[in-house]
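Okay, everyone, thanks for coming.

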Amino acid sequence: MNHKRIILAIALLLMVIGLRAQTLVVNHVDGTTTEVKLTTVNYLSVADGYYVVVANGTETKFSVSDVKSISYQWTNGDVNRDGDVGIGDIVAITNIMAGIDNDAPDYGQAPEGAKAIDLGLPSGTMWANMNVGAESPQEAGLYFAWGETEGYNGDASDGHSFNWTNYKWMTEGQASWKYINKYQLDDHQTDACWYVYDWDIVDYKFVGDGKSVLAPEDDAAHVNWGGDWCMPTNEDIQELLANTTTEWTTALGMVGCKFTSKTNGNSIFLPAVGYRSGTKLYGHLTYGRCWSSSVNPLDSSEALNLYFDSELVTTEKTSSRNVGRSVRPVLKN
């Protein structure tokens, strides 16, 4: 990295402190400039000979050899978003220009075209624009049983059967929800294996693991896309619904639900691709369900999910963990 370029970047930062500019200005060696308008979540990094700018859910690349300097401007000069304008912002811009952007999300091995969309959510959580296994927002992607990381296609031609016998977290030799051996809550289902009768208390005692949210190694979004991606918790889905408007619509021939931010107008599209149970596909083009990473606190054989159809969008419908549903990744701050 050219030290003069870093010094110029610092000078440019000092010039914009106190301004309400939200623009990334790329000054090219041929004398032209490119401006990228920014919102509230933006990232600038250096990778494989390119400056990579992620702004407003869109990724733009500039060859390092074609760039003379970059002015990275943030609202009121608060580049590091600590609430103050000061020396920390100079350090932040220096790190960015040197390719050291510790705040940038790690996209891991997400497919080409995958983007994290800023919906202006209070937590800063960003939602992917496509499902795991898809190559575009309109594709179904793969179907996963909850807590499994291997997905299957929607045409059921693979012969896989989504049932308790095949479920990853089933006790060997058993084929009933009563013998789930991981992610068990104190749900009062006393005939399940996560309870034993205790003669000292003359009642059933909970002996399960008490795990309520998927660990990274059992998270289909994290395992398949890597990086900072993960499945949304039920709280993440509730936040999504509280801060977006929903519309049943058609996008490139696929019906589904569009979620549009109430604050910045950005949106994501979730296709209505149904689910797989046994060896069949159900509800295709009628409704969709995307897994959360949260167990149903009232029944450990179920997990919470996002349900949507032409009339209803809710988190209040649960699903048996052994059926195959879509996975939509998120990135968290």
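This is a predicted model: local features need pLDDT of at least 70, side-chain atom pairs count only at pLDDT 80 or more; totals for chains, interfaces and linings use all residues.

Let's start with strand 13, residues 254-261. Is it buried or exposed, for the most part? Mostly covered, as it turns out, with 7 of its 8 residues buried. On one side there's strand 12, residues 244-251, running antiparallel to strand 13 and joined to it by 8 bridges. Those two make a hairpin with 2 residues between the strands, and in that turn Leu-252 has a positive phi of about 50 degrees. Strand 13 also pairs with strand 14, residues 267-271, again antiparallel, through 5 bridges.

In strand 12, Glu-247 stands opposite Lys-258 of strand 13. Over in strand 14, the bridge partner of Lys-258 is Phe-269.

Now, the inside. The largest nonpolar core has 48 residues, and the ones with the most contacts within it are Trp-146, Trp-225, Trp-229, Met-231 and Val-327. Several elements each supply at least two residues of this core, including strand 8, strand 15 and strand 17. Which element gives the most? That's helix 3, with 3 residues.

Let's zoom in on Trp-225. Setting aside neighbours within four places in sequence, Trp-225 touches a whole list of residues, among them Tyr-107, Pro-111, Ala-128, Met-130, Val-132 and Pro-329.

On to charges. As a reminder, side chains of opposite charge can pair when their charged atoms come close. How many salt bridges does a search of the whole structure find? It finds 5, and I'll show you three of them.

First up, Arg-276 and Asp-158, with N to O at 3.0 Å. This one links distant parts of the chain: Arg-276 is in strand 15, Asp-158 is in the loop between strand 8 and strand 9, and they're 118 residues apart. Arg-276 is buried, at 0% relative accessible area, whereas Asp-158 is partly exposed at 35%.

Next, Lys-182 and Asp-218, at 2.7 Å from N to O. Lys-182 sits in the loop between strand 8 and strand 9 and Asp-218 in the loop between strand 10 and helix 3, so this pair ties together parts 36 residues apart in sequence. Both Lys-182 and Asp-218 are buried.

Then there's Lys-332 with Asp-236, where the closest N and O atoms are 2.7 Å apart. Lys-332 lies in the segment after strand 21 and Asp-236 in helix 4, so parts that are 96 residues apart in sequence get tied together. Here Lys-332 counts as partly exposed, at 37% relative accessibility, while Asp-236 is buried at 8%.

Last stop, the surface. Tyr-197, Trp-199, Val-202 and Tyr-204 form a nonpolar patch there, with about 480 Å² of accessible area together. Trp-199 is in the loop between strand 9 and strand 10. Is that Trp-199 buried or exposed? Exposed, because its relative accessible area is 68% and the cut-off for exposed is over 50%.

That's my tour; over to you.

Methods: Residues are numbered from 1 along each chain as its sequence is written. Side-chain values use heavy atoms; hydrogens and water are left out. Patches are made of residues with over 30% relative accessible area and no salt bridge: like charges are joined within 9 Å, nonpolar side chains (Val, Leu, Ile, Met, Phe, Trp, Tyr) within 5 Å. Accessible areas come from the Shrake-Rupley method with a 1.4 Å probe; for residues, only the protein chains shown count as cover. A salt bridge is a side-chain nitrogen of Lys or Arg within 4 Å of a carboxyl oxygen of Asp or Glu. Helices (H or I, at least four residues) and strands (E, at least two) are DSSP runs, numbered from the N terminus. Buried means under 20% relative accessible area, exposed over 50%, partly exposed in between (1.4 Å probe, protein chains only). Two strands pair if DSSP finds at least two bridges between them. A nonpolar core is a set of buried Ala, Val, Leu, Ile, Met, Phe, Trp, Tyr and Cys residues joined through side-chain atoms within 4.5 Å. Contact means heavy atoms within 4.5 Å.
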